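Here is a briefing on side-chain packing and surface features. Please look over the model first.

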Amino acid sequence: MKTGNNTVFSAGFTLFELVVVLAIISAMVAVVLPFCKRSNDGLKIKQAGSSIAQTMRYAIDLAQKRNKAVKFIYNDKYSSYHLQIEDTENSFESVDNFTGTERFLDKNIQLFDIEGFEQTGSEFFLIFDPKRPWPDAWISFSTNDLTETIKTKSKYVEIEEESI
């Protein structure tokens, strides 16, 4: 629109400017997205390690309070774990009042290494029995960039973390 000798331009962005801004934003998202996924996997494995360690601590405490053997079982086939308590001599049943009978790990978390556990098929287990020495064992899980190791030594459970 012209007013005398002065030309008034309408304010706005050209199509080229919008395309450049969108290209810059797309490049930034492409760079940041892999870090977000790794961070999410790292949080999942830390949460799983903490939950497994807490379950083992609960098993130790339960064995001491009830003076019965408690079995921590990890099933590699289903990536799950649960507890059982001694019912009669060498017979175990599910633990009452244990939140959820079986807990499952995220599909991105894999068994990395295991030592000190007894094995039957795809099940690995530890028995916390106040009448026997407490087990010294460890189990490690990993994602693409992080390994979480849960160790039992005597009546203690600890977690170690290692970046890959």
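Is Phe141 buried or exposed? Phe141 has 3% relative accessibility, so Phe141 counts as buried; buried means under 20% relative accessible area, exposed over 50%, partly exposed in between, with a 1.4 Å probe and protein chains only.

This is a predicted model: local features need pLDDT of at least 70, side-chain atom pairs count only at pLDDT 80 or more, and totals for chains, interfaces and linings use all residues. Residues are numbered from 1 along each chain as its sequence is written, and side-chain values use heavy atoms, leaving out hydrogens and water.

**Aromatic pairs**

- The whole structure holds 4 aromatic pairs. Rings of Phe, Tyr and Trp (its six-membered ring) pair if their centres lie within 6.5 Å; planes under 30 degrees apart count as stacked, over 60 as edge-to-face and the rest as tilted.
- Tyr74 and Phe141 have ring centres 5.3 Å apart and planes at 70°, so this pair is edge-to-face.
- That pair links distant parts of the chain, 67 residues apart: Tyr74 is in strand 3 (residues 70-75) and Phe141 in strand 10 (residues 137-142). Strands (E, at least two residues) and helices (H or I, at least four) are DSSP runs, numbered from the N terminus.
- Tyr74 is buried too, because its relative accessibility is 1%.
- The rings of Phe128 and Trp134 are tilted, because their planes lie at 40°, with centres 6.2 Å apart. Both Phe128 and Trp134 are buried.
- Phe72, Tyr81 and Phe117 are linked into a cluster by ring pairs.

**Lys71 and its rings**

- Lys71 lies over the face of Phe92, 4.5 Å from the ring centre. A charge sits over a ring if NZ of Lys or CZ of Arg is within 6 Å of the ring centre and within 35 degrees of the ring normal.
- The charged end of Lys71 also sits over the ring of Phe125, at 4.6 Å from its centre.

**Around Gln84**

- Gln84 belongs to strand 4 (residues 80-88). Gln84 is buried, with 19% relative accessible area.
- Beyond its neighbours within four places in sequence, Gln84 is in contact (heavy atoms within 4.5 Å) with residues including Lys71, Phe92 and Val95.

**Surface of helix 1**

- Leu33 is in helix 1 (residues 15-66). Leu33 is exposed, with a relative accessible area of 54%.
- Leu33 forms a nonpolar surface patch with Val21, Leu22, Ile25 and Val29, with about 470 Å² of accessible area together. Patches are made of residues with over 30% relative accessible area and no salt bridge: like charges are joined within 9 Å, nonpolar side chains (Val, Leu, Ile, Met, Phe, Trp, Tyr) within 5 Å.
- Accessible areas come from the Shrake-Rupley method with a 1.4 Å probe; for residues, only the protein chains shown count as cover. A salt bridge is a side-chain nitrogen of Lys or Arg within 4 Å of a carboxyl oxygen of Asp or Glu.
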